[in-house]
Amino acid sequence: MAIYQATASAPVNIACIKYWGKRDTKLILPTNSSLSVTLDQDHLRSTTTSRADPSFEKDRLWLNGSEEEIKDGGRLATCIREMKSLRREVEQKNPNEPKLSSFAVHICSRNNFPTAAGLASSASGFAALVSSLAALYKLPATPSQLSLISRQGSGSACRSLFGGFVAWKMGSASDGSDSLAVEVAPQSHWPDIHALICVVSDDKKGTSSTSGMQRTVETSPLLQHRIKHVVPERMNAISEAILAKDFDTFARITMQDSNQFHAVCLDTDPPIFYMNDVSRAIIALVTEYNRLSVENGGKLKAAYTYDAGPNAVIYAPKENLKEIISMVVKYFPQAEPFKDPFGLFGAQSVGAGSVV
Ligand code: DP6
């Protein structure tokens, strides 16, 4: 009896230009394009095994050992349905292929990073799910084509199909056929950029990205300004900065965009707060660090960015990392570099204190 099984993994990505807002909540079509850095393949990743078998009665999924319900019409069901439909096309073209599209699948997924790190796992999770089904079904699809499907699992997941620097083009088609991820540059283009994750709190976030961004779309006038007048220019400018390996511009835009994303959250009614006092203290520290460098005729040395939670991600060229880590440890005395540090582009991760 043949065994039909495949395993794939996908890393976490952290946005420099934030996705926040959907114009179509079912297809997950965003109100603006976004751009992220996918973290190192060796660290922070989801690994997923999918198996198809005629004896399976229904599709089932286990996440970190516990079974998750696959709700009819939900995001998981949509991704599995879309992947089976691509498999059907393969079977129609090659009648000798086994009819895997008619079998149920069992999917088992694990994250290699502690849930305590408070990092969103939906991006790596859905990207790994789609990649493992693509391998199982032997689909001739490109990462961009697969990103169309992982996008329907979680918007940010479309960007984890590529390594390095990745743009999610918002597209304009109402069926979502041009809302996909493209590579801006591979990691090897600019391996000097490192990401340092400062775990401020591992609490579950109060407002989920999905519901938070919907409330922002419905109530924030600032979001309308952002999507029309700010993001398009930033997307071009940061892409150029990446291609030119211009850290100064990359850092400036990354920090501005994180700030505007959190401003848009504050402009939401009722307001959404993701950062806390420790997050803001880290912003002050990075700002001061950069100010001293610029005052001495130098350039920006680090860039902070925050997603829908209080944890900081600091992007920096490798040569500044030691200095940044000792600075964080000095000003946040509770902070301890993890005993078994998971490097991100080779960097150490630091727990930057806990929230009071
Ligand atoms: C702040 O991708 O988690 O991290 O599409 O509803 O699943 P859904 O939202 P999600 O939102 C991510 C928001 C963000 C910014 C970003 O990653 O671009």
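**Loops, helix packing and ligand surroundings**

Lys 245 is placed in the loop that runs between α5 and α6. The model described here is predicted.

**Backbone features in loops**

- Most residues other than glycine have a negative phi, and most peptide bonds are trans.
- Lys 245 has a positive phi, near 50 degrees, although the residue is not glycine.
- Because 13 C-beta neighbours lie inside 10 Å, Lys 245 counts as partly exposed.
- Lys 138 is a further residue other than glycine with a positive phi, again near 50 degrees.
- The loop that holds Lys 138 lies between α2 (122-136) and α3 (143-150).
- Lys 138 is partly exposed, since 13 other C-beta atoms are found within 10 Å.
- The peptide bond leading from Asp 269 to Pro 270 is cis, and its omega is near -10 degrees.
- Pro 270 belongs to the loop between α6 and α7 (277-295).

**Packing of α5 and α6**

- Helix α5 covers residues 221-243 and helix α6 covers residues 247-266; their axes come within 10 Å and cross at roughly 160 degrees.
- An angle over 145 degrees counts as roughly antiparallel, and α5 and α6 are therefore roughly antiparallel to each other.
- The two helices, α5 and α6, cross in a left-handed sense.
- On the α5 side, the contact is made by Leu 222, Leu 223, Arg 226, Val 230, Arg 234, Ala 237, Ile 238, Ala 241 and Ile 242.
- On the α6 side, the contact involves Thr 249, Phe 250, Ile 253, Asp 257, Gln 260, Ala 263 and Val 264.
- By class, the residues of this contact between α5 and α6 comprise eleven nonpolar, two polar and three charged.

**A buried loop residue**

- Val 200 is found in the loop between β12 (193-198) and α4 (209-219).
- Val 200 counts as buried because 26 C-beta neighbours lie inside 10 Å, and the cut-off for a buried residue is 20 or more.
- Val 200 and Ala 312 are separated by 112 residues in sequence, yet their C-alpha atoms are 7.2 Å apart in space.

**Surroundings of the ligand**

- There are 15 residues around the ligand, and those that come nearest are Ala 15, Tyr 19, Ser 154, Gly 155 and Ser 156.
- The shell around the ligand consists of six nonpolar, seven polar and two charged residues.

Note on methods:
Residues numbered from 1 in each chain as written. Predicted model: local features only at pLDDT ≥ 70, side-chain atom pairs only at ≥ 80, totals over all residues. Axes fitted to C-alpha atoms, helices over the stretch in contact; angles between N-to-C directions. Helix = DSSP H or I, 4+ residues; strand = E, 2+ residues; numbered from the N terminus. Parallel < 35°, antiparallel > 145°, perpendicular 65-115°, else oblique. Left-handed = near helix turned anticlockwise from the far one by under 90°. Contact = placed C-beta atoms within 7 Å. Nonpolar A, V, L, I, M, F, W, Y, C, P; charged D, E, K, R; others polar. Buried ≥ 20, exposed ≤ 12 C-beta atoms within 10 Å, placed from the backbone. Near = placed C-beta within 6 Å.
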